[in-house]
Amino acid sequence: MSKSAEATGTLRKTALNAVHRQMGARMVDFGGWDMPVEYPAGFDGRPGGLIQEHLAVRTAVGLFDVSHMGDIGMDGPQALAAVQHITMNDASRLALGQAQYSAMLYPPGTFVDDVIVHRMDEHSYLLVINAGTREKDFNWARENARNFECQVEDAGDNFTQLAIQGPRAAEVLQKLTDADLSKVKNYWFTHGTVCRLKETLIARTGYTGEDGFEIYIPSDPAISRRVWFEVLETGKELGILPCGLGARNTLRLESKMALYGHEISDDITVWEAGLDRFCKLTPQKGSFIGRAALERQKAEGITRTLVGLEMIGRGIARDGYKVLDQAGKDIGVITSGSYAPFLKKNIALAYVPPAQSAIGGTVAVEIRGQAVEARIVPTPFYKRARA
Amino acid sequence: MAYPANLKYTKEHEWIDLETGQVGITDHAQESLGDIVFVELPKPGAEVAAGKSFGTVESVKAVSDLFAPVSGTVTAINDTLTTAPEQVNKDPHGAWMITLKVKDPKEAAKLLSAADYEKFVAEEAGH
């Protein structure tokens, strides 16, 4: 057994750090943050651990601390124009209380980061961004919004962000809030009293492929702790488990949601990543950073595309492993791969040439020097049944 | 979980039963790895060298090498682990992976007793 060194020292901590440790979480360094990867001890007598946590979210409900995520506030008379300039989706189509998946791009059409844009008010937007890219994202947004009448604020430290995810998530949260959650559609949000905290932002968003909510409460440790345990207590009878970043990763992979540094990066373009439907080249959208390069690439075509793989042979494809054709020639690379706890299969995402991306086709993944067979399958691997 | 006194241990968190030659990973190892979903073992007849990798164990999150506690020849592998790798989590000191015919009994003198291994794990955790 080799043991990986656990980095400690200057890691950043969320307001719930002590709570995670109290609950017996296994902690890891994630993008410079000391975060729970799983809770082996479980909760309320139910066993925990990554697989159980994953299944809880697919079949019941799970609670995640995702306070490491960053938040950028953009406010001012030209806030919409600034948001339109630095993101690829069309923010002009957002109603008050609506959110959209989008991304900030570099001029070549590659990714600064993916974001969720929330329209908070007439001239006010909130961008939720990744943990590992917080400083980079904020600097990029501020720098590129400077020609607009728009304040750009790093609001990441203001909130504890909790994700309540799973088919029973609405039932749990409804018991803790006066907001009528049945009126909040997917990718919309509202404000309401949650656990006696007034004007709490409640968004029907998530990163699991399930129904669920993300709530934004003050980052005070005592308040964060109180809300964390009130959600767990309320979810007890419905089978709630505290869930770590391990399950968050396998859940998003089954649902084919991109992870920065894996499926998207400063070297991968929107078309390659297959995120076309979140990138608008309409006249209404207007110009934005990355648009010109993307228009060129649309005409020229792409040389690699993201596909889903299911392993046929024994083995788990991991990030960075080579993808080979039938003749053993190197044709691509795995971006994420894992055992999929709900599907009970070994799955992966990979970049391969478009000519070799047909669904049903067979490739191989090089695992410790061996070519292990895999099939190209439709994605997402998992899609929830919608009511 | 107590570490059985009849087993010997390595600082890489494997155990060996010197009477039967069975080799596995410790309770501490399975706990650090989390849910184990894949075990890759050598073929019977393969030669392994002390301290060198003889296979792989994967949890959902991580890939880890398995290191041979002593040199020897693989005489059997535990095939049930290919379909039920979670046995390693459930019963780490029972779920043996390979059986070794030990080449040089003197090598075994360097292995840790249960008490010494437990102390080693506690010290590692203290860092």
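1. In this predicted model, strands β5(A) and β6(A) form a hairpin with five residues between them. Gly109(A), in the turn, has a positive phi of about 85°. The two strands run antiparallel and are paired over seven bridges. Within that pairing, Ser102(A) has Val115(A) of β6(A) as its bridge partner. Strand β5 of chain A covers residues 99-105 and is mostly covered, five of its seven residues being buried.

2. Strand β6 of chain A, residues 111-121, also pairs with β7(A), in the antiparallel sense and over five bridges. A hairpin through two residues joins β6(A) to β7(A). Asp121(A) has Ser124(A), in β7(A), as its bridge partner.

3. Strand β7(A) has a further pairing, with strand β4 of chain A (residues 70-75); the sense is antiparallel and there are six bridges. Here Met74(A) is bridged to Tyr125(A) of β7(A). How many of the six residues of β7(A) are buried? Five of the six residues in this strand, which spans 124-129, are buried, so β7(A) is largely enclosed by the rest of the structure. As a general point, side chains in a regular strand alternate between the two faces of the sheet.

4. Helix α7 of chain A (residues 245-254) has ten of its ten residues buried, so the helix is largely enclosed by the rest of the structure. The buried residues include Arg248(A), Asn249(A), Arg252(A) and Glu254(A), as well as Leu245(A), Leu251(A) and Leu253(A). Just after the helix, Lys256(A) takes a positive phi of about 55°.

5. Leu176(A) lies in the loop between α5 (169-174) and β10 (189-194) of chain A. Leaving aside residues up to four places away in sequence, Leu176(A) touches Val194(A), Cys195(A), Glu230(A), Val231(A) and Thr234(A). Leu176(A) and Val227(A) are 51 residues apart in sequence, and their C-alpha atoms are 9.5 Å apart in space.

6. Chain B contains an open sheet of six strands in the order β1-β2-β3-β9-β8-β5, with antiparallel pairing. Its edge strands are β1 (8-9) and β5 (47-48) of chain B, each of which pairs on one side only. Strand β1(B) pairs with β2 of chain B (residues 14-16) in the antiparallel sense, over two bridges. Tyr9(B) stands opposite Trp15(B) of β2(B).

7. On confidence, the model scores ipTM 0.90 and pTM 0.95. For chain B, the mean pLDDT is 95, and 98% of the residues reach 70 or more.

Notes:
Residues are numbered from 1 along each chain as its sequence is written. Chains are lettered from A and ligands numbered from 1 in the order in which they are written. This is a predicted model: local features need pLDDT of at least 70, side-chain atom pairs count only at pLDDT 80 or more; totals for chains, interfaces and linings use all residues. A residue is buried if 20 or more other C-beta atoms lie within 10 Å of its own, exposed if 12 or fewer, and partly exposed in between; C-beta atoms are placed from the backbone. Helices (H or I, at least four residues) and strands (E, at least two) are DSSP runs, numbered from the N terminus. Two strands pair if DSSP finds at least two bridges between them. pLDDT is the predictor's confidence in each residue, from 0 to 100. Two residues are in contact if their C-beta atoms, placed from the backbone, lie within 7 Å.
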